[in-house]
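Dear colleague,

Here is the structure I promised to pass on to you, followed by my notes on what was found in it. Please read the notes with the model open beside them.

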Amino acid sequence: MLTDTYNSNIFSLALDKIYQLSTTYSSNLNPLIDVGLGASVGFNQWHDDSINLDQDTLRQVNVYAEPSGELSLRKYIQNHYQKHLGIELSLDRIMVTNGASEALLLAFMILLSKTKNKLILPEFHYPCYKLLAAMLGKRFCFAAADSDYNCSIESVAASISKETGAIVINSPSNPFGKIIDTTRLQALCKLDIPIIADETYRLLSFEKQSPSLLSVSQQHFVINSFSKSLAMPGLRLGYLIVPESYIEQTITFKLGLNISTSIASQILGCKMIENRLGKLPNYSKYLRQNRDLLVSKCRQHGIKLACSPEAGIFAVLDTSKYGSSVAVAERLLMECGVLCAPMSDFRQPDPGFIRINYSCSAEQLDTVLDRIVVNFSNTHRKNHFIPTGETKNEATHNEYNRIVV
Ligand SMILES: Cc1ncc(COP(=O)(O)O)c(C=O)c1O
């Protein structure tokens with residue numbers, strides 16, 4: 001088990017600071033390329049979505065939806081699991097949510113109590129896991145990853161205590177794009193602790209199929225989203241699949257939180273899903289090509305990749321020899337207009353890694369990597385940006401002086 005206490009301020013995200021910096025200094029920067037945000041960019045093809053919304057449909061959007069979600073959307077989800085994984089899900093177990101974000105919140109609220117008040121999170125994790133837990137006044141500890149940045153069953157088992165309310169797993173993972181295989185999923189289920197499986201990137205697997213926890217057990221909580229796989233983050237649509245015994249409580253909590261997910265989003269979402277589901281193989285092919293470009297270029301120029309992603313939209317560069325992750329993210333932003341995500345948000349102590357979203361166009365990815373290569377090899381630059389706060393205090397990096405040496 002890794003440290004129980006989190007020694008940096010989780011309510012202050014380093015990525016936010018990098019964005020603030022990019023806004024403040026936008027006029028000074030190279031034409032900016034944003035590979036920091038977690039959106040599926042290159043295959044968000046709006047011109048392919050010719051959606052007709054008739055008067056009747058439009059009239060229906062100004063009402064509350066069913067708390068568990070529109071029947072048509074839940075039927076899509078049900079069919080998907082039936083057709084692709086051979087899993088029969090009762091519609092009642094499917095709760096449509098405001099993105100995977102709300103599904104996570106609901107699962108945390110349901111599974112964490114006064115005595116079972118602690119989550120086991122992956123060592124490297126989507127930062128909102130600990131943010132949501134902290135917002136609920138709950139605790140968390142981290143299970144160390146294995147040497148390949150995947151889930152280690154031994155570490156998870158060693159992290160269990162009498163206070164453990166749930167284990168959070170994320171497969172394919174953000175940030176590494178690692179898939180937890182069926183054997184490990186089975187081993188996790190044997191630990192006999194409720195599992196919350198965040199499968200937001202499962203449909204963007206290109207190396208091998210990413211199994212769903214639902215193929216192994218019906219006793220746990222499974223989360224997914226349309227934000228990444230179908231590139232529709234703006235509609236805020238995701239879902240939570242709960243065990244039979246939690247259906248009623250989930251509906252009650254959803255009613256308390258926001259009554260229902262926007263019906264306008266759900267109607268529009270259904271129409272877009274119809275159009276986009278069939279294109280998933282193209283999206284995966286696109287991501288594989290970009291991943292291959294990234295891996296070969298990094299290899300060619302001696303940029304260290306933490307590991308080769310098997311799925312999803314992110315790759316992690318080990319830039320520890322150039323400084324802290326925030327310092328490197330600041331430097332790439334200010335010196336070459338590349339906005340990437342510092343990984344101090346994803347793991348403490350700071351691993352000195354940065355995350356790149358490779359779902360941009362291949363041309364943009366190529367330019368980003370060129371700029372990084374030049375920047376890292378250019379140790380004696382003429383125009384040098386010195387952050388006055390630098391990384392001694394990561395929270396203080398909004399004051400810059402331009403120094404010409
Ligand atoms: C692992 C993971 N889970 C959940 C989410 C939240 O996604 P959504 O847009 O569906 O709320 C994200 C978003 O980046 C994510 O990376």
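In which loop is proline 175 found? Proline 175 sits in the loop between strand 5 (164-170) and helix 7 (182-190), where helices (H or I, at least four residues) and strands (E, at least two) are DSSP runs numbered from the N terminus.

Before going further, please keep in mind that this is a predicted model, in which local features need pLDDT of at least 70 and side-chain atom pairs count only at pLDDT 80 or more, while totals for chains, interfaces and linings use all residues. Residues are numbered from 1 along each chain as its sequence is written, and side-chain values use heavy atoms, with hydrogens and water left out.

Backbone features

Proline 175 is joined to asparagine 174 by a cis peptide bond, with omega at about 25 degrees. Another cis peptide bond joins glutamine 348 and proline 349, with omega at about -5 degrees, and proline 349 lies in the loop between strand 11 and strand 12.

Alanine 231, in the loop between strand 7 and strand 8, has a positive phi of about 50 degrees although it is not a glycine. Alanine 231 counts as buried because its relative accessible area is 0% (buried means under 20% relative accessible area, exposed over 50%, and partly exposed in between, with a 1.4 Å probe and protein chains only). Isoleucine 259 likewise has a positive phi, near 65 degrees, in a residue other than glycine; isoleucine 259 follows helix 8, in the loop between helix 8 and helix 9 (263-276), and is partly exposed at 31% relative accessibility.

Helix 8

Helix 8 (residues 247-258) has 12 residues, which at 1.5 Å a residue should span 16 Å, and its end C-alpha atoms, 17 Å apart, agree with this; the expected span is 1.5 Å times one less than the number of residues. Within helix 8, Ile247, Thr250 and Lys254 are buried, and they lie on the same side of helix 8 because they cover an arc of only 60 degrees around the axis, the arc being that of the directions from the helix axis to the C-beta atoms. An α-helix has 3.6 residues a turn, so residues three or four places apart point the same way. The cover over the buried residues of helix 8 includes strand 2 (94-98), helix 4 (99-111) and strand 8 (237-241), whereas the face turned away from the buried side carries the exposed residues Glu248 and Gly256.

Salt bridges

The structure holds 15 salt bridges, each being a side-chain nitrogen of Lys or Arg within 4 Å of a carboxyl oxygen of Asp or Glu. One of them joins glutamate 123 and arginine 347, at 2.9 Å from N to O. This pair links distant parts of the chain, 224 residues apart, with glutamate 123 in the loop between strand 3 (118-122) and helix 5 (128-135) and arginine 347 in the loop between strand 11 (341-342) and strand 12 (353-357). Both glutamate 123 and arginine 347 are buried.

Lysine 208 forms a salt bridge with glutamate 310, with the closest N and O atoms 3.2 Å apart. Here lysine 208 is partly exposed, at 41% relative accessible area, whereas glutamate 310 is buried, at 12%.

Arginine 291 and aspartate 292 also meet in a salt bridge, at 2.9 Å from N to O, and salt bridges that share partners join Glu207, Arg288, Arg291 and Asp292 into one network.

Conventions:
Contact = heavy atoms within 4.5 Å.
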